[in-house]
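Hi everyone, thanks for making time for this.

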Amino acid sequence: RHNFPFGEFDPVGVFCMKDVPGNFSAADVPDEFLLNDEDYPLRYLEFNFRMDNNLNGPLPPEFGYLIDCKYIGFENNIGLAGQLPQTMENMILLYSMTLILNGPKFGGELPGSLFRLANLKHIHIQDNLGEDWSLPSNVQVGDDAKLERLLLTRNGFAGTIPSWLAQLNQLQTLDLSMNNFQG
């Protein structure tokens, strides 16, 4: 069952779509968009990736090899645990990331590499139940960083607000409300 090219990461039941409608579930997705072991290689998919199918446990490092993925959304995965993998730095086409209403064991420090992705414009992390969220203290933001919206509302983020946020020259919207930031 684990003949997928990236180790133990098995995307069966995960779906990818070219366009992300307002609300949808796996039941709404045509069969040709469902991933299975025969859809090798996943890295070449130019689709969007959304999971709201009761994931359990941590995201494996192999997740970062979805290098052509442009949108990622994790919503309502109460069993999701751990933090986002550092390998997300490989997701060079990532445009938007949304993490909403995920479980109490999901959190940790956001990978600093996210803030160096040249195409990433939107990060929306809201209402997650984990309490150990934090921003990396030292990030070398590149001149080509395009992040426009950073919404980190109601997550239990703690620690000092890092000074490198001021280096995000394209940032138009910053919402750090209802967290436990200092400074």
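Predicted model: local features only at pLDDT ≥ 70, side-chain atom pairs only at ≥ 80, totals over all residues.

First, the overall picture. How many helices and strands does the protein have? There are zero helices and twelve strands, so if you read along the sequence you get β-β-β-β-β-β-β-β-β-β-β-β. Of the 183 residues in the protein, 48% are buried. The protein exposes about 9,200 Å², and carbon and sulfur atoms supply 47% of that area. Now look at the contacts with a separation of 6 or more: residues 24 or more positions apart account for 67% of them.

Next, the strands. Three of them form an open sheet in the order E3-E5-E7, with parallel pairing. At the edges sit E3, residues 56-58, and E7, each of which pairs on one side only. E3 and E5 run parallel and are joined by three bridges, and along the way Pro-58 stands opposite Ala-81 in E5. On to the other pairing: E5, residues 79-82, goes with E7 in the parallel sense over two bridges. There, Gly-82 has Phe-106 in E7 as its bridge partner.

Another strand to find is E4, residues 71-75. It is mostly covered, with five of its five residues buried. Which way do its residues point? Tyr-71, Gly-73 and Glu-75 point one way, Ile-72 and Phe-74 point the other way, and all are buried. As a reminder, side chains in a regular strand alternate between the two faces of the sheet. E4 pairs with E6, residues 96-100, in the parallel sense over five bridges. If you want one partner to click on, Gly-73 has Thr-98 in E6 as its bridge partner.

Now back to our aromatic friends. Searching the whole structure turns up four aromatic pairs. In one of them, the rings of Phe-106 and Trp-133 have their centres 5.4 Å apart and their planes at 90 degrees, so this pair is edge-to-face. Phe-106 is in strand E7, while Trp-133 is in the loop between E8 and E9, so the pair ties together parts that are 27 residues apart in sequence. Ring pairs also link Phe-106, Trp-133, Phe-157 and Phe-181 into a cluster.

What about charges? The count comes to two salt bridges. In one, the side chains of Lys-121 and Glu-148 meet at 3.6 Å, N to O. This pair links distant parts of the chain, with Lys-121 in the loop between E7 and E8 and Glu-148 in the loop between E8 and E9, 27 residues apart. Lys-121 counts as partly exposed because its relative accessibility is 23%, and buried would need under 20%.

The other salt bridge joins Arg-154 and Asp-127, whose closest N and O atoms are 2.7 Å apart. Arg-154 lies in the loop between E9 and E10 and Asp-127 in the loop between E8 and E9, so here too parts that are 27 residues apart in sequence are tied together. Arg-154 has a relative accessible area of 37%, so it is partly exposed.

One last stop: Leu-117, which lies in the loop between E7 and E8. Why does Leu-117 count as buried? Its relative accessible area is 5%, and the cut-off for buried is under 20%. Which residues is Leu-117 in contact with, leaving aside its neighbours within four places in sequence? They are Met-88, Glu-89, Met-91, Ile-92 and Leu-94. Take Glu-89: 28 residues separate it from Leu-117 in sequence, yet the two C-alpha atoms are 6.8 Å apart in space.

Definitions and conventions: Residues numbered from 1 in each chain as written. Heavy atoms only, no water. Buried < 20%, exposed > 50% of the residue type's maximum accessible area, 1.4 Å probe, protein only. Helix = DSSP H or I, 4+ residues; strand = E, 2+ residues; numbered from the N terminus. Pairing = 2+ DSSP bridges. Contact = heavy atoms within 4.5 Å. Areas by Shrake-Rupley, 256 points an atom, 1.4 Å probe, with all protein chains shown as cover. Phe/Tyr/Trp six-rings, centres within 6.5 Å; stacked < 30°, edge-to-face > 60°. Salt bridge = Lys/Arg side-chain N within 4 Å of Asp/Glu carboxyl O.
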